[in-house]
Amino acid sequence: MPDNEHLNNRKENGKETVQSTFAGSTAPSHFIRVIIDEDLRVNKNDGRVHTRFPPEPNGYLHIGHAKSICLNFGLASDYGGLCNLRFDDTNPCKEEVEFVESIKEDVRWLGFDWEDREFYASDYFEKLYEYAVQLIKDGKAYVCSLNADEIREYRGTLTEPGKNSPYRNRSAEENLDLFERMREGEFPDGSHVLRANIDMASPNLNMRDPVIYRILHAEHHRTGNTWCIYPMYDFTHCLSDSIEGITHSICTLEFEDHRPLYDWFLDELDVFHPQQIEFARLNLSYTIMSKRKLMELVEEGHVNGWNDPRMPTLGGIRRSGYTPESIRNFCDRIGVAKSNSIVDIALLEYYIREDLNKYSPRVMGVLRPLRVVIENYPEDKVEYFDALNNPEDPGAGMRKVPFSRVLYIEQEDFLEEPPRKFYRLAPGREVRLRYACFIKCVGVVKDETTGEVVELRCTYDPETRGGAAPDGRKVKSTLHWVSAAHSIPAEVRLYDRLFTVENPAGEEDDFKTFLNPESLETLTSCRIEPSLAGAKSGDRYQFERLGYFCVDPDTSKGKPVFNRTVTLRDPWAKIKKREKL
RNA sequence: UGCCCCGUGGUCUAAUGGCAAGACGGCUGACUCUGGAUCAGUUUAUCGAGGUUCGAAUCCUUGCGGGGCAGCCA
């Protein structure tokens, strides 16, 4: 049994916390570090660095969130500060406990620890209410009784100023009374809102008397039915940051226009003032990151759930076999900036290969078996050859691989009429079987009706046992193989990119028209070497010459299922494609 | 048409007034019992026009291009 312990005990399940974000610490600096360095230099915030990762528990996390998680937790760790996990749960209609659990699992899996700092915006509802009351008393907020449509009309447009609400001049007493009765549940949803009193002519739409509280008679996942008014994001977020003593409140670019409002609340209330800093969210080529679109894929059955290995969700990525280490390295390398960009998915693949190459046990498995009979090998004989578990890791040891008269090799490793640059097996040609011996193809058996090659007749050279020829002759290629009688059947799921175009969300047509019809190929007659008999869900292996594979949870006793995480770099595949073979 | 942000090789990110750097990708080659890994080499960039300056990717003006904003979502 190959030693898979390195991999599976490494840095998962929160057992080990990340100290420095990038092994070798070659992660590039970026503008947020420049800001923090300057803050530290002038001793702003008494030299503290305190960040937070603030997901809304209304869906699953994806690789884009991983960028934010690595940024926030990484910065805290690098500067000797802290990072809170805070659930932004101000909309009871969309949020569920299930999501908070999965978010916690994902953050932990990535290797980060928020210790006892698990917070919820809903923890602050009472305090937030008091802040709202203070704004009303200061004449900075009022209860508006326009309906949603009217508020929209009064807001004006991008190019035209809005006009004041007729309720804008209510007295503080009346506002206080109304707001209190909103809280008491006297009014139906939508009948009143609390609004900030700012400027209906502001060129920034967010400043045109934004709503800060709405009536929602809905049960909240944490506060139950305690409240029937809920604060809006802009009001909640800055004050939650302030309450927690956050120094650097890092969010994505679309909140840039909200920053004046973020600052406004904190200034008007005269409370501790964190700094909001915006960065560009991650986009990856050949996939999508929008929660709504991902939901569409799930609900319409284009993928098999949120953790389908094709999904960019952390659940999907994890199931496909990615390691948290590789995701962290990736996030450190892509940098942090303010320009919208699409990172090549090849970079992500590079980091998972880099990681898995170091740690994953090598093993042989044949995906599309082609029967090979070694004519000069005795019927009943079995030999066991020594195979390296991991050439990159001398400590990984060896294992025995059984060899017998009937074997399977990969169908694509034989061509009756080999083109130029095809080094593998062909009639009359000799190749090496990995760790075993040289074989030469002396005959081809075909299906009489279809003409399909169904069996190869070969001879082996007993002198080459162990893989080396005493006479020093070379072969052009080495093939992986399994012994027919000893191998065990397996299902292997081959995953490919989800979309056929780099930026499906940026196309004119609906993104779903670009779904890759070949994003999943399920192979059910694979044969794998017997050492894999005890493989457990989550175990990762390199199938030699094919790629990295991870045992899927669908695995049942005697029926292993593997997901292909990523292929090996494959020059032959490139040649085939280039020369259209 | 208002406001805000962003334009550096194919991609992502550095250089913050002083030799445009790195990673990925691509292409060569070496090595190899994985066409893997490794190693070496190579290819390609400051959106345009003015200005400030001894000197501009960097500062200013302007044009062009891209993105965001009119939820009682976050």
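Predicted model: local features only at pLDDT ≥ 70, side-chain atom pairs only at ≥ 80, totals over all residues.

**Labels and their grounds**

Q: What makes β10 and β11 edge strands?
A: Each of them, β10 (362–363) and β11 (365–366), pairs on one side only. They belong to an open sheet of 7 strands with mixed pairing, ordered β10-β23-β24-β25-β21-β22-β11. Helix α13 (residues 345–359) lies across β10, β23, β24 and β25, at about 115° to β25.

Q: Why is Lys512 called buried?
A: Its relative accessibility is 18%, and buried means under 20%; Lys512 therefore counts as buried. Lys512 is found in the loop between β21 and β22 (520–528).

Q: What makes the pairing of the Lys512 and Glu296 side chains a polar contact?
A: The distance is 2.6 Å, and the cut-off is within 3.5 Å for N or O atoms, one able to donate a hydrogen and the other to accept it. Beyond four places in sequence, Lys512 is in contact with Glu296, Leu297, Glu300 and His302.

Q: How do you know that β2 and β3 pair?
A: Strand β2 (residues 82–87) and β3 share 3 bridges in the parallel sense, and at least two are needed, so the two strands pair. Phe87 has Tyr120 as its bridge partner in β3.

Conventions. Residues numbered from 1 in each chain as written. Chains lettered and ligands numbered in written order. Heavy atoms only, no water. Helix = DSSP H or I, 4+ residues; strand = E, 2+ residues; numbered from the N terminus. Contact = heavy atoms within 4.5 Å. Axes fitted to C-alpha atoms, helices over the stretch in contact; angles between N-to-C directions. Buried < 20%, exposed > 50% of the residue type's maximum accessible area, 1.4 Å probe, protein only.
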